[in-house]
Amino acid sequence: MMERKPVLGHGEAYTYGQFHQKSRKALEMLDYSPALMTDMYEYTMLDACLRDGTANRKCVFEIFTRHLPLGRHYGVAAGQGRILDALENFHLDDNDLKFLADRKVVGHETIKWLENFHFSGSIKGYREGEMFFPNSPILQVEGTFGECTLLETLLLSILNYDSAVASAASRMVSAAKDRPCMDMGGRRTNEWAAVAAARAAVVGGFKGTANLLAAQMYGLNAIGTAAHCFTLVHDDERSAFESQIAALGKNTTLLVDTYNIEEAVKTAVEVAGPELGGVRIDSGDLASLAQRVRNQLDALGATNTKITVTNDLDEYALASLQTAPVDSYGVGTMLVTGSGAPTCAMVYKLTERENSAGDMQPVAKKSKDKATVPGRKLAFRSYEYSLADCEHVISGSEEQLAAYQPEEGWKDLLVGYVSNGEINSDYQGHEAIVNAHNYRAQALAELPIGAQSLMKGDPVIPTEITVL
């Protein structure tokens with residue numbers, strides 16, 4: 001097995017297998033099944049379909065969004081690796097089955113059906129880090145109705161949240177230009193959402209996280225030094241700085257806005273010398289304070305000391321700091337809440353099913369404002385002068401799609417995640433996050449520059465749907 005390096009060059013190097021083992025161990029420690037992270041009606045539908053004989057009909061489901069969050073120009077797909085991790089543990093133990101039986105959620109025959117449940121279908125979709133737009137077939141799930149319907153809530157909850165965080169992170173990274181952004185949002189969301197957000201943030205372009213469990217599970221760069229309480233617990237600021245440097249070395253970052261920033265910077269350099277690694281500012285007018293601190297550090301000879309700023313940043317605040325002498329950012333609340341768009345409004349819809357005669361038949365909703373496109377899908381992106389100009393979604397039968405020939409130069413956007421129940425491990429673990437992190441930057445660079453604008457507008461490229 002080839003050795004895998006940490007995501008961004010920090011921390012201990014592990015093999016993929018070691019990271020994967022840690023991830024699975026962490027999930028097992030929670031002592032619950034992902035198969036119960038679902039809505040009750042998934043099981044009641046399964047029960048009814050097993051009774052009437054339609055549960056084993058072959059089906060194709062699709063995850064897509066009808067629209068991007070208001071004013072956004074693109075989305076970033078994220079969470080596919082977590083879906084594969086969850087699928088490995090998607091089964092019910094005796095206690096779970098007893099719960100379903102005792103609550104009369106399902107009947108005896110369904111309990112028997114669930115005893116050895118293993119998803120045996122196939123999943124394909126957009127790769128992690130890929131850009132998506134309205135009606136992009138982000139994930140397609142093929143299998144029996146019974147097994148596919150059980151996955152709906154779990155798949156949507158992962159993709160909706162992780163993609164929202166990754167999309168917000170991508171906007172923030174663009175606004176920050178070449179300055180690294182770090183996730184500090186763990187205390188602003190649910191404790192397990194914090195782990196998911198840390199991973200999604202790195203897919204979206206962030207360079208690290210303050211969340212230690214996410215760092216352990218996924219091999220992410222972990223960051224963090226001290227809070228204001230560390231300064232306050234000491235008799236004076238100098239004592240706090242001396243303690244931190246004694247413990248962490250001169251390359252640490254000292255928090256300088258507990259009392260008076262100018263005095264704190266002076267004390268920090270006196271204690272650590274010009275080799276001080278960095279200072280952090282967490283309040284006030286960050287741009288003007290960063291400028292004053294930079295000038296003060298330079299005057300004190302600490303010309304290589306870095307400046308990190310935090311304090312409720314979002315992409316607009318980061319854009320306003322582009323001319324300030326800031327070296328890195330810590331982002332919290334707005335990151336883990338999708339910067340005002342905590343979901344991508346993705347839905348899971350049946351697009352093709354086996355009929356009573358055994359033939360595959362395209363199906364669609366015709367509801368007002370909620371109509372869907374029937375049939376399984378292919379997805380491509382076309383380019384002009386090396387820039388994307390259109391998303392092409394092709395719908396049809398399996399035979400029609402197999403015979404379809406895209407135009408020269410179109411990029412195929414779909415990859416295979418699961419084939420007849422076998423998970424493609426290339427999209428799991430640490431290396432997959434590294435690849436998604438790098439791919440996002442490449443995919444964004446292929447979009448027209450307007451994609452990176454923070455001004456409200458339409459998706460940066462149109463989506464053209466062709467039904468064969």
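Select I123 first: I123 stands opposite V141 in β7. Strands here are DSSP runs of E with at least two residues, and helices are runs of H or I with at least four, both numbered from the N terminus. This is a predicted model, in which local features need pLDDT of at least 70 and side-chain atom pairs count only at pLDDT 80 or more, while totals for chains, interfaces and linings use all residues. Residues are numbered from 1 along each chain as its sequence is written, and side-chain values use heavy atoms, with hydrogens and water left out.

**The sheet**

Now select β5 and β7, which pair in the antiparallel sense over 4 bridges. Two strands count as paired if DSSP finds at least two bridges between them. β5 also pairs with β19, again antiparallel, over 4 bridges; there, G125 has V415 of β19 as its bridge partner.

Continue to β19 (residues 414-419) and β20, an antiparallel pair with 2 bridges. S419 has its bridge partner in β20, at E422.

Which strands stand at the edges? Colour the open sheet of 7 strands in its order, β15-β14-β3-β7-β5-β19-β20, with antiparallel pairing. The edges are β15 (360-362) and β20 (422-423); each has a single partner strand, so one side of each is left without a neighbour in the sheet.

**Helices on the sheet**

Contact means heavy atoms within 4.5 Å.

Then show α6, which lies across β3 (58-65), β7 and β14 (346-354) and runs at about 165° to β7.

**The cores**

Select Y43, F119, V141 and Y348, which touch the most other members of the largest nonpolar core, a set of 49 residues. Helix α6 (residues 145-176) gives the largest share of this core, 10 residues. A nonpolar core is a set of buried Ala, Val, Leu, Ile, Met, Phe, Trp, Tyr and Cys residues joined through side-chain atoms within 4.5 Å. Buried means under 20% relative accessible area, exposed over 50%, and partly exposed in between (1.4 Å probe, protein chains only).

Stay on Y348: not counting residues up to four places away in sequence, the residues it touches include F61, I63, V141, C148 and L151. A169, F206, L254 and V279 belong to a second, separate core of 44 residues.

**Helix α11**

Move to α11 (residues 261-272), where 12 residues reach 16 Å from the first C-alpha to the last, close to the 16 Å expected at 1.5 Å a residue. The expected span is 1.5 Å times one less than the number of residues. Among the buried residues of α11 are I261, V265 and V269. The buried residues of α11 pack against α10 (237-248), β10 (253-255), β11 (278-281) and α12 (286-299). After the helix comes G273, with a positive phi near 80°.

**Two single residues**

Is K112 in a helix or a strand? K112 is in helix α5 (residues 108-114), and is partly exposed, at 43% relative accessible area.

Finish at H392, in strand β17 (residues 387-396). H392 is buried, with a relative accessible area of 6%. Its side chain makes a polar contact with the side chain of S382 (2.8 Å). A polar contact is a pair of N or O atoms within 3.5 Å; within protein, one must be able to donate a hydrogen and the other to accept it, and residues adjacent in sequence count only if both atoms are side-chain atoms.

Technical notes:
Axes are lines fitted to C-alpha atoms, for helices over the stretch in contact, and angles run from 0 to 180 degrees between N-to-C directions.
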